[in-house]
Amino acid sequence: MKRIVHKHPLAIRWFHWINFPVLSIMIWSGMLIYWAYDPYKITIGDWTLVSFFPDWFYKALGWSRRLAEGMAWHFAFMWLFLLNGLLYIGYTFVSGEWRHLVPDRKAFREAIEVTLYDLGLRKTQPPFIKYNGAQKIAYFSIMLMGIGSALTGYAIYKPTQFYWLTALMGGYEMARLLHFALTIGFVLFFLIHIAQVIRAGWHNFQSMITGFEELKPNAPNRPNPTAAADRPTPTPPLKNGGGAIDPALS
Amino acid sequence: MNPTNQQNNEPHLPESDVAESAVRRRMIKSFGWFALASAVPFGVYSWIKSSPNLLGARKPLRRVLDVNETVARTYFSNANLVKTFPAEAAVKNARVNGFDGIRTPLPTDWKLQVDRAGDEPFLLTMDDIRSLPKHELIYDFKCVEGWSQIQHWGGARLSDFMAKYKLGTHSGNVPTPDNPDDLFKHVGMETPDKGYYVGVDMESALHPQTLLAYELNGQPINNQHGAPVRLIIPVKYGVKNLKRIGRIFFSDTRPRDFWTERGYDYYVGL
């Protein structure tokens with residue numbers, strides 16, 4: 001017998017993996033659009049720290065002179081991004097999954113401790129149930145960023161018919177800048193996310209596909225907040241026979 | 001129970017005891033489904049990429065753009081006005097971004113040709129257009145490329161023009177939104193050399209801020225900006241703001257559109 005912990009509900013796994021190709025299409029097509037007018041840069045005085053983006057960058061990726069194509073993809077796949085995002089948010093709050101996700105007051109202190117632990121400056125990481133403080137902040141922020149992308153996106157898509165939204169987002173030009181900055185945020189999140197998933201290892205990764213993780217009470221990178229005796233009584237296998245536990249992607 | 005977590009109300013994750021073989025079976029099944037599902041995005045992508053073009057855009061994407069137009073027209077309202085600014089906010093030198101349709105010299109005998117349903121086309125001069133009430137519009141002109149610029153235009157409302165000459169209706173009466181069946185669905189415009197051409201839906205054409213513009217910053221517009229008269233239609237991207245109007249006509253089918261033929265959305269409504 002093995003003790004398994006049911007980590008990610010089926011719906012969450014679907015939302016997660018649908019979002020990956022859809023958001024990739026949105027970022028790629030967004031870059032094709034951004035190429036046509038790409039004024040953003042980070043400067044210190046007269047010195048340009050980062051330019052979004054130098055010509056060689058577009059050339060290397062073949063992202064030049066494709067505005068019409070970018071707009072067509074962007075305004076088609078935005079609906080999938082919106083729908084998937086709304087279902088995810090709806091599910092998270094209706095199912096109670098938000099209790100694992102929304103950072104509480106101690107999440108911020110915890111996030112610092114987790115960061116110190118990740119950098120090797122602290123021996124132990126604080127106890128957690130599903131996500132540690134840093135993860136809660138990161139994953140909840142990503143949800144807020146998704147909402148921000150949809151709102152700023154609509155503000156630049158229909159600035160006359162939704163003038164109130166455009167005004168709320170700081171005006172047409174500000175909304176476009178925010179929409180772009182959020183995209184950079186998604187890319188940075190993605191890079192850190194991939195690095196952390198690799199660090200956390202196979203057991204953690206596969207749980208986003210299977211939904212469950214084998215419980216290894218003594219695993220150093222998965223501290224148990226409670227003694228085994230305090231754990232809730234194991235639930236019997238959920239599915240009709242065959243020892244099926246959780247319908248994964250079926 | 002950890003007291004700090006109790007405060008938080010974060011529940012523990014459910015656990016179960018399962019036979020080792022069942023865990024393995026479950027895992028294989030999950031990964032099998034995952035692999036199958038992974039094929040879907042690749043399939044969708046290659047289906048779109050291999051679809052034929054419909055007016056320069058992949059057919060499935062063009063269809064969605066047309067659905068988007070239908071969606072946008074459900075909430076479009078002529079009461080939603082584009083934001084306006086004081087005259088000082090306007091740039092001194094409005095940006096010139098394209099020369100299609102104005103590369104040839106302006107014909108010395110330029111007149112505006114207007115096609116009426118079931119009637120001979122008639123010709124108008126600038127004096128005819130100037131005789132209509134003049135409106136000033138200082139607004140943020142938005143290019144499909146992403147830039148925008150506050151510009152100061154002056155001219156006659158297209159809706160006033162259509163009312164005066166009883167245009168845009170099947171019956172030949174003055175167009176009113178109260179009788180939408182009588183209205184043609186589209187207004188078409190083209191440059192005298194037919195090098196640039198646009199089609200605009202009737203609601204957007206009748207928007208009170210849509211102008212037949214002949215002044216920029218209080219001066220007659222120059223050739224590069226589309227002298228003697230051009231379309232300024234703030235509810236659309238710049239691509240619909242045709243310069244140097246040579247002909248205006250009305251149609252229930254979409255008039256051909258220069259940038260749509262090059263893969264852009266037809267509606268491009270803001």
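## Interface of chains A and B

In this predicted model, A:Arg3 and B:Asp17 form a salt bridge in which the closest N and O atoms lie 2.7 Å apart. The rule finds four salt bridges across the interface of chain A and chain B. Polar contacts across this interface come to 17 residue pairs, with both residues at pLDDT 80 or more.

On the side of chain A that touches chain B, the elements giving two or more residues are strand S1 (2-6), helices H1 (10-35), H3 (67-95), H4 (98-101), H6 (133-157), H8 and H9 (202-210), and strand S4 (212-214). H3(A) gives the largest share of that side, 11 residues. In total, 70 residues of chain A are in contact with 58 residues of chain B. About 6,000 Å² is buried between chain A and chain B, and carbon and sulfur atoms give 62% of this area.

## Fold and surface of chain A

Chain A has nine helices and four strands. Along the sequence their pattern is β-α-β-β-α-α-α-α-α-α-α-α-β. Of the 250 residues in chain A, 44% are buried. Among the contacts in chain A with a separation of 6 or more, 69% are between residues 24 or more positions apart. Chain A has an accessible surface of about 13,000 Å², and carbon and sulfur atoms account for 69% of it.

## Nonpolar patch on chain A

A:Phe20, A:Val187, A:Leu188, A:Phe190, A:Leu191, A:Ile194 and A:Ile198 make a nonpolar surface patch of about 650 Å². The element that gives the most to the patch is helix H8 (residues 172-200) of chain A, with six residues. Helix H8 of chain A is also listed among the elements on the side that touches chain B.

A:Ile198 is one of the patch residues and is found in helix H8 of chain A. The relative accessible area of A:Ile198 is 65%, so this residue counts as exposed, the cut-off being over 50%.

## B:Glu190

B:Glu190 is found in strand S8 (residues 186-190) of chain B. This residue counts as buried because its relative accessibility is 4%, where buried means under 20%. The side chain of B:Glu190 makes a polar contact with that of B:Lys194, at 2.7 Å.

Apart from neighbours within four places in sequence, B:Glu190 is in contact with B:Tyr196, B:Tyr197, B:Leu242, B:Arg244, B:Ile245, B:Gly246, B:Arg247, B:Phe249 and B:Arg256.

## B:Asp257

B:Asp257 lies in the segment after strand S13 (247-251) of chain B. With a relative accessible area of 5%, B:Asp257 is buried. The side chain of B:Asp257 makes a polar contact with the side chain of B:Lys240 at 2.8 Å.

Not counting residues up to four places away in sequence, B:Asp257 touches B:Tyr197, B:Val198, B:Gly199, B:Lys240 and B:Tyr266. B:Asp257 and B:Leu55 are 202 residues apart in sequence, while their C-alpha atoms are 9.7 Å apart in space.

Note on methods: Residues are numbered from 1 along each chain as its sequence is written. Chains are lettered from A and ligands numbered from 1 in the order in which they are written. Side-chain values use heavy atoms; hydrogens and water are left out. Patches are made of residues with over 30% relative accessible area and no salt bridge: like charges are joined within 9 Å, nonpolar side chains (Val, Leu, Ile, Met, Phe, Trp, Tyr) within 5 Å. Accessible areas come from the Shrake-Rupley method with a 1.4 Å probe; for residues, only the protein chains shown count as cover. A salt bridge is a side-chain nitrogen of Lys or Arg within 4 Å of a carboxyl oxygen of Asp or Glu. Buried means under 20% relative accessible area, exposed over 50%, partly exposed in between (1.4 Å probe, protein chains only). Contact means heavy atoms within 4.5 Å. Buried area is the accessible area (1.4 Å probe) that two parts lose on being put together, summed over both. A polar contact is a pair of N or O atoms within 3.5 Å; within protein, one must be able to donate a hydrogen and the other to accept it, and residues adjacent in sequence count only if both atoms are side-chain atoms.
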